[in-house]
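Visitor: I would like to learn how to read the features of a structure such as this one. Could we look at it together?

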Amino acid sequence: PAGRRDLLHLRPGSGWPKAPLQGRSAMAEVSAVVVLKGEIKTWERSFAAEHGRKPSAADVSAHPEIQRKYRAYKNLKEPAPVTTSTPAAPSSTTAAEPSRANDGALPGSQPRKP
């Protein structure tokens, strides 16, 4: 099919993506997710028909090709973590000590006795 030509990079043996597709359009990523989900569901149904139960994580691990598909699917579904740099807290020796009135107890509770 014409729509699958863009997804040829997902063929087994060609290396499965380990991160969201860099430089690809959002539509290509959505298409890849749909294709992978369909392939995973087909395998799950086949497994259930053969074994009479849904596949467990151990069953997935025992099939490297399907395990790669699960990982690729997960990587495409989850957005890449956004990294932001936060400024370091100022290291001041004059910073106020935290109140020890409740000594770590919940608000409204009685203070601990020594």
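This is a predicted model: local features need pLDDT of at least 70, side-chain atom pairs count only at pLDDT 80 or more; totals for chains, interfaces and linings use all residues.

Visitor: How many helices and strands does the protein chain have?

Guide: Helices (H or I, at least four residues) and strands (E, at least two) are DSSP runs, numbered from the N terminus. Here the protein chain has three helices and zero strands, and its pattern along the sequence is α-α-α.

Visitor: At what angle do α1 and α3 pack?

Guide: Axes are lines fitted to C-alpha atoms, for helices over the stretch in contact, and angles run from 0 to 180 degrees between N-to-C directions. For α1 and α3 the angle is about 145 degrees, and their axes are 9 Å apart. The residues of this contact divide into ten nonpolar, no polar and six charged, where Ala, Val, Leu, Ile, Met, Phe, Trp, Tyr, Cys and Pro count as nonpolar, Asp, Glu, Lys and Arg as charged, and the others, Gly among them, as polar.

Visitor: Which residues make up the largest nonpolar core?

Guide: As a general idea, nonpolar side chains in soluble globular proteins tend to be buried together. A nonpolar core is a set of buried Ala, Val, Leu, Ile, Met, Phe, Trp, Tyr and Cys residues joined through side-chain atoms within 4.5 Å, and buried means under 20% relative accessible area, with exposed over 50% and partly exposed in between (1.4 Å probe, protein chains only). The largest such core here has eleven residues, namely A32, V33, L36, I40, W43, F47, V60, I66, A72, Y73 and L76. Its largest share, six residues, comes from α1.

Visitor: What is W43 in contact with, beyond its neighbours within four places in sequence?

Guide: Contact means heavy atoms within 4.5 Å. With those neighbours left aside, W43 is in contact with P55, D59, V60, H63, I66 and Y70.

Visitor: Why does D59 count as buried?

Guide: D59 counts as buried because its relative accessibility is 13%. This residue lies in helix α2, residues 57–61, and, not counting residues up to four places away in sequence, D59 touches W43, F47, R53 and K54.

Visitor: What percentage of the residues of the protein chain count as buried?

Guide: Of its 114 residues, 19% count as buried.

How values were computed. Residues are numbered from 1 along each chain as its sequence is written. Side-chain values use heavy atoms; hydrogens and water are left out.
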